[in-house]
Amino acid sequence: MPSSVRSSTPPSAAHGAGGPSEADLLGFVRRTAADATLVSSLPLDPEGRTWIRLDGPGGSEAWLISWPPGAGTGWHDHGGSHGAFATAAGSLTEQSLAAQLPTEGWRLLELADGVDRERQLTEGSGRAFGPHHVHQVFNASSRQHAISVHAYYPPLPMMRRYSRSGPVLRLEQVELPEEWA
């Protein structure tokens, strides 16, 4: 993430041995996205994303993230964590793959036809995803910032970054949590 603002909310109580479910994370991100005071506290930068790190439910990791016009993540996964995100302001586009990819042992895959999915997440909408989810998220607006809330369990052990050329997906980089501090 290019620039950061760090903050914390009070620690959440443990949510059982298995941690929060995808539904729990989706409920959390939707409630947090509706918190106008928190959302308005996030500084907006016209040049890059900014964020505030939050304590999610049951030991999950959470982020409040701003997206200036045209900003995006590129293709990535969440290192085996499941998660959820919701749009608090503006609109985000998510492009994802409807296929479970192997997590280890490959650097280049040719994707089958029909695996591409795209959805618009407008203010108040969100989605949950499983541990093998590969996607990219971006703000397609040329004028308006978007803001979203994301939560992951277990806390992200890594993120894999991919490049995409037509049906070819290539593993480019593995990021570790200390790189997001």
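This is a predicted model: local features need pLDDT of at least 70, side-chain atom pairs count only at pLDDT 80 or more; totals for chains, interfaces and linings use all residues.

My entries below go from the sheet to the cores, then the charged pairs and a few single residues.

**Entry 1**

I started with strand order. I found an open sheet of 5 strands, running β1-β2-β10-β4-β8, with antiparallel pairing. Which strands stand at the edges? They are β1 and β8 (126-129); each has a single partner strand, so one side of each has no neighbour in the sheet. From one strand to the next, the twist averages 15°.

For G83, I noted F129 in β8 as the bridge partner. Next I checked what α1 does here. Helix α1 packs on the sheet and touches β1, β2, β4, β8 and β10. Its direction makes about 20° with that of β4.

A general reminder first: in soluble globular proteins, nonpolar side chains tend to be buried together. I looked for such groups here. The largest nonpolar core has 20 residues, and F28, V29, L54, L64, I147, V149 and A151 have the most contacts inside it. Two or more residues each come from α1, α2 (36-40), β1 (50-55), β2 (61-67), β4 and β10. Which element gives the largest share? That is α1, with 5 residues.

Leaving out residues up to four places away in sequence, V29 touches A84, F85, A86, V149, H150 and A151. There is also a second, separate core of 14 residues, with I65, W67, F85 and L121 among them.

Is R31 buried or exposed? Its relative accessible area is 55%, and since that is over 50%, I put it down as exposed.

**Entry 1: salt bridges**

How many salt bridges does the whole structure have? My search gave 7. I went through some of them.

- E61 and R53 meet through their side chains, 2.9 Å from N to O. E61 counts as buried because its relative accessibility is 3%, while R53, at 25%, counts as partly exposed.
- D77 and R160 form a salt bridge at 2.8 Å, N to O. This pair links distant parts of the chain, 83 residues apart: D77 is in the loop between β3 (75-76) and β4 (82-89), and R160 is in strand β11 (residues 159-165). I found both D77 and R160 buried.
- R170 and E172 come in at 3.9 Å, N to O. R170 is partly exposed at 40% relative accessibility, and E172 is partly exposed at 43%.
- E94, R119 and R127 are linked in a network of salt bridges.

**Entry 2: S96**

I moved on to S96, in strand β5. At 5% relative accessibility it counts as buried, because the cut-off is under 20%. What does S96 touch, beyond residues up to four places away in sequence? I listed W75, V115, D116, R117, H133, V134 and H135.

**Entry 3: Q100**

Q100 sits in the loop between β5 (91-97) and β6 (108-110). With a relative accessible area of 61%, Q100 is exposed. I still found a side-chain partner: a polar contact of 3.3 Å joins Q100 and H132. I also checked P131, which is 31 residues from Q100 along the chain; their C-alpha atoms are separated by 9.3 Å.

**Entry 4: a cis peptide bond**

Most peptide bonds are trans. Which way does the bond from Y153 to P154 go, cis or trans? It is cis, with omega near -10°. P154 lies in the loop between β10 (146-153) and β11.

Methods:
Residues are numbered from 1 along each chain as its sequence is written. Side-chain values use heavy atoms; hydrogens and water are left out. A salt bridge is a side-chain nitrogen of Lys or Arg within 4 Å of a carboxyl oxygen of Asp or Glu. Buried means under 20% relative accessible area, exposed over 50%, partly exposed in between (1.4 Å probe, protein chains only). Helices (H or I, at least four residues) and strands (E, at least two) are DSSP runs, numbered from the N terminus. A polar contact is a pair of N or O atoms within 3.5 Å; within protein, one must be able to donate a hydrogen and the other to accept it, and residues adjacent in sequence count only if both atoms are side-chain atoms. A nonpolar core is a set of buried Ala, Val, Leu, Ile, Met, Phe, Trp, Tyr and Cys residues joined through side-chain atoms within 4.5 Å. Contact means heavy atoms within 4.5 Å. Two strands pair if DSSP finds at least two bridges between them. Axes are lines fitted to C-alpha atoms, for helices over the stretch in contact, and angles run from 0 to 180 degrees between N-to-C directions.
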